[in-house]
Each structure stands twice: as structure tokens, then as C-alpha cells.
Amino acid sequence: MNIENINTSIQLQKNQLLQHSLYEKVKTIDDLHTFLENHVFAVWDFMSLLKALQNKLTCTTTPWLPIGNPEVRYLINEIVVAEETDITMDGKRSSHFEMYIDAMEQCGASTSQINEFLINVKSTQNIFVSIKQSDLHPNVKAFLDFTFRVIEQGKPHEIAAAFTFGREDLIPNMFTEILKNFQQNFPETDLSKLIYYFERHIELDADEHGPMAMQMITELCGDSEQKWKEVEEVSIQALEKRIGLWNAIEEQLEVRLEMV
């Protein structure tokens, strides 16, 4: 098995994501806020997958030792640099999560739910307790729970699978177009930072991170059919959890529409 086989195996789930009815229902600024206030949890847990990989594939403790494959170390460290300390619109350094929070605040979306969640994470020191205690939609909880179960199990190739294949590669393109239409239809709302965030993702994923992540998977699995099979299973599950997240956002949009 190889990357091509994995891409074939997950095509059904990718198509479901790309053709999801959610996109047509994000019509107002309030709808956009609902999307952002839920999607931010996926932006945040992506950073946790990234740091889990760095912990597994490089030496992040002292005394330092040359752990693992130098090629894989390079790949993950390069991705960490860009995701954790990228360049913002105004030329400063920031993580992609902080950029997303900044973009939410700029366009008037609430960051209270994600901020309260992170405070709770610090307080409990147990991500699974924090997920359970939260008031998040059950699908958002399931999405987060899956991510941290994969991290807890600690298999680098499975974490890499959730990181690489569990994150849609075409949706940023789609949302950039949606946001540009929003900017035309709602010129009073400044979406410049949000558009920059998605465009930055497209640029990095297509040119650098996508190929790097695929190479990392190949290096980690090697000739092990068992590892490739586990990558396939985790990738499908991760995409199904993302579909569940999209369903949750769509449900919230529909509920609010009924209340109007």
C-alpha cells in the first residue's frame, strides 16, 4: 500500500466533505460567525496533532539525543515553524490558531467559547475531562475526542494520518471564494484577516506542507502493510469526524433559521 492507495480509499469521504450542503447555507454574517465559532476547535486541535508529532519524531527533552529519521525530523520541524510562528498580515509572528482568533475578532465572531474551553483545559489538566464538561455540540466533542485518542495511543504513523489525511486539502480554496463573495455582499464587515488566513493555508499546504506530510507518512510506514492499513483506517475515521463537525454546524444554522 502507498499514498496513492490511501487517497483512493478516502475519496468517498473527501467527496462528502467537498459536496457538503453546509457551504450553501452560510449566507449571512451570523451564519459565518457560527461556522467560525465551531471550526476554531479544528484549528486548535490541529496544533495539538502537530506538537504530538514533533514530540514523537524529534527530541524535545534534555539531554538531547538524535531521535529517529533525520529526514522526518526536518519535515516536522519545518511544518512546526510555519504553523506556530507564521507571518501575519502586518508582518508579525503568530501561530495559525492565534491568527484565526484574531480574524474572528476582526469580523465580530465570538471567541468566548474557545477561550473558556482552553481555560478549562488548563484547569483540569485532562483534555478528555474538559471535552466531557464542555457545552459543545456532541459532534464537536466527538471530533476532539477522536483527535486526542489518536494522540494518546501514541503511534506516530496514526497521528501523522490524522494530521495529513484528516484535514481537507481542498476546502480552504472553497472557503476563500465564499469569503470573497461575503466581502462583496457585506462590505461593512472586514474579512481581510480571515481571507489572508485561508489564502496562507492554501499557499503553504499546496507548495510545502502537503508534499512534506505525504513524505513523512511514507517514511513512517515504509514497507509495513500493518502501518499502511492503520493509516488508512485513521484517515477514514478522521474525515468522518470532520463530516460530523460540518453536520453539527449545519444543524446549528438550521435551528437559528427556524427561530427567526
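I call a residue buried when its relative accessible area is under 20%, and I keep to that cut-off below, bearing in mind that the model I am reading is predicted.

Entry one, the whole chain. I looked up the secondary structure and found 13 helices and two strands in the protein. The radius of gyration is 18 Å, close to the 18 Å that the globule rule gives for 260 residues, so I note the protein as being as compact as a globular protein of that length. Along the principal axes, I read a span of about 55 × 40 × 40 Å for the C-alpha trace.

Entry two, inside and surface. I find that 50% of the 260 residues are buried, and that, among contacts between residues at least 6 apart in sequence, 74% join residues at least 24 apart. For the accessible surface I noted about 12,700 Å², with 51% of it belonging to carbon and sulfur atoms. I also looked up the charges, 22 positive and 41 negative, whose mean positions lie 5 Å apart.

Which residues of H9 are buried? I list Val140, Phe143, Leu144, Phe146, Thr147, Phe148, Val150 and Ile151. Looking for what covers these buried residues, I found that the cover includes helix H4 (29-57), helix H7 (112-124), helix H8 (127-133), helix H10 (156-164) and helix H13 (225-259). After H9 comes Gly154, for which I noted a positive phi, near 75°.

Conventions: Residues numbered from 1 in each chain as written. Predicted model: local features only at pLDDT ≥ 70, side-chain atom pairs only at ≥ 80, totals over all residues. Heavy atoms only, no water. Helix = DSSP H or I, 4+ residues; strand = E, 2+ residues; numbered from the N terminus. Rg over C-alpha atoms; globule rule 2.2 N^0.38 Å. Buried < 20%, exposed > 50% of the residue type's maximum accessible area, 1.4 Å probe, protein only. Contact = heavy atoms within 4.5 Å. Areas by Shrake-Rupley, 256 points an atom, 1.4 Å probe, with all protein chains shown as cover. Lys, Arg positive; Asp, Glu negative; His and termini not counted. Charge placed at Lys NZ, Arg CZ, Asp CG, Glu CD.
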